[in-house]
Amino acid sequence: MAYDLNVNGEQRSVEVDGDTPLLWVIRDVLGMTGTKYGCGIAQCGACTVHIDGEPARSCQTPVDSVGSSTVTTIEAIHNTPSGLKVQKAWQDLDVVQCGYCQSGQIMSAAALLSEKSNPTDADIDEAMSGNICRCGTYVRIREAIKYAAKLDGNAKQGG
């Protein structure tokens, strides 16, 4: 069946079964590989995308449930003020170790900062609790979120 999706601000038409997870539509059909497959049961957060600005586990989101909602992936998170600040913080503080979970971590952190511009440690712990990092970069992730919260809205990537 054909589905029209708004992904990263572009209308995209895909021909898939309605129960196909959004993750596989994004990766295999649309060719955007920044969103990662982790556990496949919405427990690790590697597949996190934003649906209408809210973090969602794309591995457990059937494409037919997306409807006219907007989907934002790691490829376009820098187009949001909070996403831009989070990506700059990740670069400036060298958060990444192996990097596999980081796209999901960044998506969750950007969603947090879009709701709470100055999150507490408890806010960060709660927002990030569904994102697992096997390398254990949790301390660096927390510091990066605090750093991102202090950046002004004109943060530029790579500088």
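Analyst: Happy to! A contact here means that heavy atoms lie within 4.5 Å. With that in hand, among the contacts in the protein chain between residues at least 6 apart in sequence, 58% join residues at least 24 apart. Please keep in mind that this is a predicted model.

The protein chain has 5 helices and 5 strands, and reading along the sequence gives the pattern β-β-α-β-β-β-α-α-α-α. The radius of gyration of the protein chain is 15 Å, which agrees with the value near 15 Å for a compact globule of 159 residues. Along the principal axes, the C-alpha trace spans about 45 × 30 × 25 Å. Of the 159 residues, 48% count as buried. The accessible surface comes to about 7,900 Å², and 47% of that surface belongs to carbon and sulfur atoms.

Now to the part you asked about. The structure holds 0 disulfides, and a disulfide would need a pair of cysteine sulfur atoms within 2.5 Å. For C44, the closest cysteine sulfur is in C39, at 3.8 Å, so this pair is too far apart for a bond. C135 is in no disulfide either, and the nearest cysteine sulfur, that of C98, is 3.7 Å away.

Most residues other than glycine have a negative phi. N8, however, has a phi near 55°, a positive value, and N8 sits in the loop between β1 (2-7) and β2 (10-15). D52 also has a positive phi, near 50°, and the place of D52 is in the loop between β3 (48-51) and β4 (54-57). With 46% relative accessibility, D52 counts as partly exposed.

One last item concerns the charges. The protein chain carries 13 positive and 19 negative charges, and their mean positions are 10 Å apart.

To come back to your request: the structure holds 0 disulfides, with the sulfur of C44 at 3.8 Å from that of C39 and the sulfur of C135 at 3.7 Å from that of C98.

Methods:
Residues numbered from 1 in each chain as written. Predicted model: local features only at pLDDT ≥ 70, side-chain atom pairs only at ≥ 80, totals over all residues. Heavy atoms only, no water. Helix = DSSP H or I, 4+ residues; strand = E, 2+ residues; numbered from the N terminus. Rg over C-alpha atoms; globule rule 2.2 N^0.38 Å. Buried < 20%, exposed > 50% of the residue type's maximum accessible area, 1.4 Å probe, protein only. Areas by Shrake-Rupley, 256 points an atom, 1.4 Å probe, with all protein chains shown as cover. Lys, Arg positive; Asp, Glu negative; His and termini not counted. Charge placed at Lys NZ, Arg CZ, Asp CG, Glu CD.
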